[in-house]
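Dear colleague,

I am handing over a structure for you to look through, and below it I have written down what was found. Please keep it open while you read, so that you can follow each part in turn.

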Amino acid sequence: MSDLGAQRLKGKVAFVSGGLRGIGLACVERFLAEGAEVVLSDLDAADSETVREVMAGLGQAASYVQANVTSEADWQRARDEIVARHGKLHVLVNNAGTDLTGPVETLAMKDWRRIMDINVDGVFLGVKTLVPLMAESGKDFRGGSSIINVSSIMGLVGYNEVSAYNASKGAVRMFTKGIAIEFAQKQMPIRANSLHPGFVVTPLLHAGFKRWVDKGFAEKTDDLIDAVSGQTPLGRLADPAELAGGAFFLASEDSAYMTGAELVMDGGWTAQ
Amino acid sequence: MSKRLDGKVALVTGGTSGIGAGTVRRLAAEGAAVVFTGSNAAAAEALCAETGATFRAHRVEDASAWPGLMEAILARHGRLDFAFANAGTERGDSSVEDIEIEGWNTVIGVNQTGVMLTVQHAIRAMKNNPEGPTGSIVINSSMNANRAMGNYVAYSVSKAAVVALTKSAALHCGNRGYNIRVNAILPGVVETALITNLIDASADPAAMRAGYESMSPMKRMARVEEVAALVAFLASDEAAFISGGEYLIDGASTAGMNGL
């Protein structure tokens with residue numbers, strides 16, 4: 001058993017894509033609090049005000065790399081930075097994602113392609129690029145390295161006018177099971193699990209709800225939040241920090257026998 | 001950092017051995033006051049001495065024994081924060097063609113009715129917690145809920161049934177506005193004394209061990225401590241938004257086919 005009171009990610013290096021906001025930023029903050037060194041990526045320029053502000057709040061153990069998850073060259077550059085700075089990688093959170101809503105017959109092919117590029121290809125490229133490094137680093141700790149692919153409850157159940165997002169998050173779920181078996185079969189010290197958030201108070205959720213308000217589904221976003229809360233057995237939305245708690249569990253040695261599994265954090269939504 | 005379960009009161013059924021005993025150890029180490037049940041008084045005494053937990057001889061399938069157990073917990077601790085419906089058996093189990101009704105009733109009685117009674121009495125206690133209805137309940141199902149075994153019909157059926165029970169109980173708590181979470185864990189093969197005794201008693205222990213280990217592509221069984229760590233996570237406030245879920249801890253045993 002690890003020391004329960006201590007920083008339980010001490011000595012570990014983590015990478016979080018989409019780390020400037022929402023669930024990604026909450027994961028970065030939690031991993032740092034647990035003693036990890038963290039590299040985060042996002043689309044924003046390294047000298048942008050947002051990056052400067054976020055990084056100022058995170059301290060010396062965090063570093064930023066601008067990277068687009070749809071670009072294999074960007075992933076390779078991110079890997080080179082991780083190697084140069086830390087030489088190791090134990091935890092990968094494939095968090096960057098986007099959404100797309102609307103009746104299926106109205107979805108533009110380019111929009112479908114974009115969500116698949118980001119939500120599916122981005123996860124594939126991250127895993128493909130970083131697996132050799134993680135396999136080597138995984139020998140350092142019991143339970144090995146840990147890949148956490150952020151899917152969604154929308155990767156488990158369908159939802160009205162969310163078909164493209166459903167498809168992309170379902171792909172993440174099955175991709176994760178495939179690599180989990182592959183790594184275990186080869187006795188590579190890497191576990192892979194999917195995280196399935198329900199409705200979480202993030203900038204992405206607010207942007208999506210705002211679009212629904214613009215389309216006339218509700219008068220204001222607060223009405224949508226009330227409606228979703230009412231439909232959630234626990235009666236509320238999640239805070240990003242709660243999702244980070246789940247990601248931390250999957251990153252830690254406490255989940256050493258969990259691979260190919262799904263961590264659903266949805267307040268009971270999919271139990272209905 | 002303070003311990004995650006400081007000040008919490010926990011109940012573990014079937015706590016004298018295996019996953020139950022491992023969970024008693026982990027919950028106590030994280031600061032919880034733990035009460036555990038079972039029938040092996042000698043094993044219980046040693047575990048109490050080791051962990052500071054308290055033991056009550058109790059059979060989960062005996063409906064009439066539940067009010068007394070809960071009164072004792074509430075009299076001593078004044079609250080209940082966590083319950084682990086862990087007690088289980090495969091005594092008398094067999095295939096659907098061969099099982100005797102006594103064996104069926106034993107397994108269904110402990111694994112299904114016993115779990116229902118555990119959840120029922122835990123909710124009744126938790127809803128009266130001083131700050132309002134709060135708590136967490138974890139049901140020990142099995143990966144066999146998703147992948148039935150031909151030679152263990154009652155066990156397979158009971159482990160699938162308690163997943164539905166988990167969801168029904170979680171929704172009920174939501175309907176009533178209780179902040180009581182109910183989740184199931186689905187372990188793969190765990191290296192408990194039950195399993196190692198079976199291995200040691202077999203004609204070819206090495207082959208039997210290899211058979212169990214090869215159920216997972218990780219080529220090993222789960223350690224009791226690993227399952228206890230998942231239970232502790234679900235018991236803690238880290239899992240405050242987790243309810244109605246089923247959590248596999250099976251080393252990818254049921255994630256798909258191993259391939260050639």
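Chain A is divided into domain 1 (13-200 + 240-265) and domain 2 (201-237), with domain bounds that come from an automatic or database domain assignment. This is a predicted model, in which local features need pLDDT of at least 70 and side-chain atom pairs count only at pLDDT 80 or more, while totals for chains, interfaces and linings use all residues. Residues are numbered from 1 along each chain as its sequence is written, and chains are lettered from A and ligands numbered from 1 in the order in which they are written.

The centres of domain 1 and domain 2 of chain A, taken over C-alpha atoms, are separated by 25 Å. Their contact takes nine residues from domain 1 of chain A and ten residues from domain 2 of chain A, where two residues are in contact if their C-beta atoms, placed from the backbone, lie within 7 Å.

Between the chains, the contact takes 30 residues from chain A and 35 residues from chain B. On the side of chain A that touches chain B, two or more residues each come from helix 5 (163-185), helix 8 (240-251) and strand 7 (262-265) of chain A; helices (H or I, at least four residues) and strands (E, at least two) are DSSP runs, numbered from the N terminus. Helix 5 of chain A gives the largest share of that side, five residues.

In chain B, seven strands form an open sheet in the order 3-2-1-4-5-6-7, with parallel pairing; two strands pair if DSSP finds at least two bridges between them. The edge strands of chain B are strand 3 (54-57) and strand 7 (246-249), each of which pairs on one side only. Strand 1 (residues 9-12) and strand 2 (residues 33-38) of chain B pair in the parallel sense over four bridges, and B:Val9 has B:Ala33 in strand 2 of chain B as its bridge partner.

Finally, the axes of helix 1 of chain B and helix 8 (residues 224-235) of chain B come within 8 Å and cross at roughly 55°, where axes are lines fitted to C-alpha atoms, for helices over the stretch in contact, and angles run from 0 to 180 degrees between N-to-C directions. That makes helix 1 of chain B oblique to helix 8 of chain B (angles under 35 degrees count as roughly parallel, over 145 as roughly antiparallel, 65 to 115 as roughly perpendicular and the rest as oblique).

With best wishes
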